[in-house]
Amino acid sequence: MIAPVVVLVLAVLVGVWATRFSQRAQALLLPSCTALALLAAWHMYSVATEYELRSTQADGAVETRLIRIFPTPWDTLPAMVELASDGRLARYAMASLFRVLSGFALAAFIGIPLGLWAGWRRSVFLAINPLVQGLRPISPLAWIPIAVLSFGIQDEAAIFIIFLGAFFPIVTGTMTAVQSIPLVYVRSAQNFGLSGFELFRRVVFPAALPQIVTSLRIALGVGWLVVVAAEMNAVNSGLGFLVIDARNMGNRYDLVVAAMIAIGLIGIGLDWTVRRLERLDEVRWGFRNQQ
Amino acid sequence: MKESTPKIRVRGASKTFLRGEQRVEALAPVDLEVRAGEFVCLLGPSGCGKSTLMNLIGGFEAPSGGSIEIDGLPVAGPDPRRVFVFQEYGIFPWASVWDNIALGLRDLPKAEQERIVAQHIELVGLKGFEKSFPDQLSGGMRQRVAVARALAVSPDIVYMDEPLGALDSLTRLQLRGEIHRLWKRGGMTILFVTHDVEEALQLADRIVVMSPRPGRIQEIVEVGMPHPRTSATPGWAEKESHLLRLLGVGG
């Protein structure tokens with residue numbers, strides 16, 4: 001119990017001391033100190049929740065075992081190695097990614113055209129907006145029973161739930177993007193004789209594109225959040241299934257935490273990938289005030 | 001007599017908006033005639049209806065009363081032969097300088113487009129920036145792109161809605177000179193909205209002084225001084241103080 005306390009105190013001290021350094025050094029040191037402090041606190045919590053289990057053997061001897069239900073950071077490292085080496089990590093990660101990308105792609109293919117149309121045509125907006133706003137606050141997870149009823153314990157059920165999670169941010173974001181196009185762009189275009197599809201292709205779509213990219217980024221984030229819950233209920237593979245399965249099959253909380261870490265890292269990777277889009281010449285102007 | 005037909009004829013044109021339950025008279029009935037090839041400034045404080053009047057003439061809005069004719073025909077809407085240069089953001093940030101300038105030329109053969117775009121990039125001094133995007137350019141350069149985009153279609157009227165309003169004062173002076181130079185090549189009628197007395201005096205053949213609440217034409221001032229004009233040009237000081245007096249500032 002001494003080591004984590006020392007680490008915690010040291011992390012806090014180094015953190016305080018680091019504020020004298022340059023911005024760059026701080027940007028490196030401060031989050032490292034926070035992470036170390038959290039790891040130490042986690043370790044202490046694991047150790048503090050240990051308990052002794054006494055059992056009387058057949059010969060009358062009393063055996064005492066130390067039970068640690070909550071894994072320490074050290075316990076999760078072998079669990080990660082276990083998941084990586086028996087192939088479960090790769091298999092389940094691929095299953096989860098497949099579902100998220102399918103649901104997300106479906107949401108984008110339907111949501112972007114629908115959002116463009118509704119953003120541009122007042123009548124379409126009036127027709128669908130109340131419905132969109134009414135369905136949006138229903139958590140996609142509430143659809144799990146219906147999804148399972150309709151599709152069975154299948155990929156389709158999970159994809160449907162992810163589709164719902166990604167669809168609403170995309171359609172709402174795209175609608176808003178089109179509605180907030182500055183009048184001066186549309187007037188310039190009309191002035192130079194653009195109309196109909198050409199106006200759409202040359203002005204409406206490119207003008208809305210940065211905000212569409214932002215909504216895609218949000219939607220993919222939601223999709224990745226939702227897949228875990230969907231896989232806990234609607235299918236029997238994937239990282240979400242791994243989390244719930246590791247608990248149900250012998251309280252392997254080390255595997256639970258290892259799977260959680262994998263979920264987090266892949267989520268960061270997905271977000272990083274979408275952010276590459278923001279650097280394209282065609283949309284970069286829309287992110288001018290961000291770094 | 002054909003020559004006496006004005007390029008632009010505004011007769012009793014007015015504009016009223018509905019703001020909630022309230023009727024706002026943005027422009028009281030005005031009369032105005034502009035000759036072909038003339039440079040006319042609409043001068044006045046904000047809210048005097050000068051942009052409204054130009055949007056009516058440009059066809060972006062329909063007048064509530066009266067009529068507007070160009071070349072003897074009523075204005076039905078925006079027209080690629082009569083091009084706007086807006087104060088800001090008129091050019092497309094998602095397109096390169098080249099693509100922006102080529103906007104009005106998209107129906108021409110490729111080779112013809114290339115020739116005209118290159119010529120107009122040269123004309124506004126943006127050679128070397130063809131592939132740049134607007135967010136990589138200064139405000140003055142962006143307005144040069146807007147001017148080049150407008151001139152590339154060989155318009156017979158150019159509407160300029162405070163095109164220099166968002167620029168720093170040095171760039172403003174420089175672009176003012178260039179707009180005059182481009183107009184002097186001939187063939188274009190320019191309608192130029194500004195609230196800058198000096199800008200109007202330097203550029204315009206006639207200055208239409210407008211006043212607010214409701215927007216209306218107060219007086220039309222003939223400038224009649226030879227170019228190039230500076231504050232040392234004979235007659236400048238009198239005209240300037242007359243204009244300022246009309247605008248309700250200075251003695």
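**Note on the predicted model of chains A and B**

1. Helices (H or I, at least four residues) and strands (E, at least two) are DSSP runs, numbered from the N terminus. This is a predicted model, in which local features need pLDDT of at least 70 and side-chain atom pairs count only at pLDDT 80 or more, while totals for chains, interfaces and linings use all residues. Residues are numbered from 1 along each chain as its sequence is written, and chains are lettered from A and ligands numbered from 1 in the order in which they are written.

2. The overall dimensions of chain A deserve attention. The C-alpha trace of chain A spans about 95 × 60 × 35 Å along its principal axes. Its radius of gyration is 25 Å, whereas a compact globule of 291 residues would have one near 19 Å. This radius is taken over C-alpha atoms, and the globule rule is 2.2 Å times the number of residues to the power 0.38.

3. Of the 291 residues in chain A, 34% are buried. A residue is buried if 20 or more other C-beta atoms lie within 10 Å of its own, exposed if 12 or fewer, and partly exposed in between, with C-beta atoms placed from the backbone. Among contacts in chain A with a separation of 6 or more, 70% join residues 24 or more positions apart. Two residues are in contact if their C-beta atoms, placed from the backbone, lie within 7 Å.

4. Helix 1 (residues 2–18) and helix 2 (residues 23–48) of chain A pack at about 160 degrees, with axes 8 Å apart. Axes are lines fitted to C-alpha atoms, for helices over the stretch in contact, and angles run from 0 to 180 degrees between N-to-C directions. Helix 1 of chain A and helix 2 of chain A are therefore roughly antiparallel. Angles under 35 degrees count as roughly parallel, over 145 as roughly antiparallel, 65 to 115 as roughly perpendicular and the rest as oblique. The contact between helix 1 of chain A and helix 2 of chain A has 16 nonpolar, 3 polar and no charged residues. Here Ala, Val, Leu, Ile, Met, Phe, Trp, Tyr, Cys and Pro count as nonpolar, Asp, Glu, Lys and Arg as charged, and the others, Gly among them, as polar.

5. A:Ala40 lies in helix 2 of chain A. A:Ala40 counts as buried because it has 21 C-beta neighbours inside 10 Å. Leaving aside residues up to four places away in sequence, A:Ala40 touches A:Pro4, A:Val7, A:Leu8 and A:Ala11.

6. Helix 9 (residues 196–233) and helix 10 (residues 239–248) of chain A have axes that come within 6 Å and cross at roughly 55 degrees. Helix 9 of chain A and helix 10 of chain A are therefore oblique to each other. Their contact comprises 9 nonpolar, 1 polar and 1 charged residues.

7. In chain B, helix 1 (residues 50–58) is mostly covered, with 9 of its 9 residues buried. Just after helix 1 of chain B, B:Gly59 takes a positive phi of about 90 degrees.

8. The two chains also meet: 16 residues of chain B are in contact with 16 residues of chain A. On the chain B side, these residues divide into 13 nonpolar, 2 polar and 1 charged.
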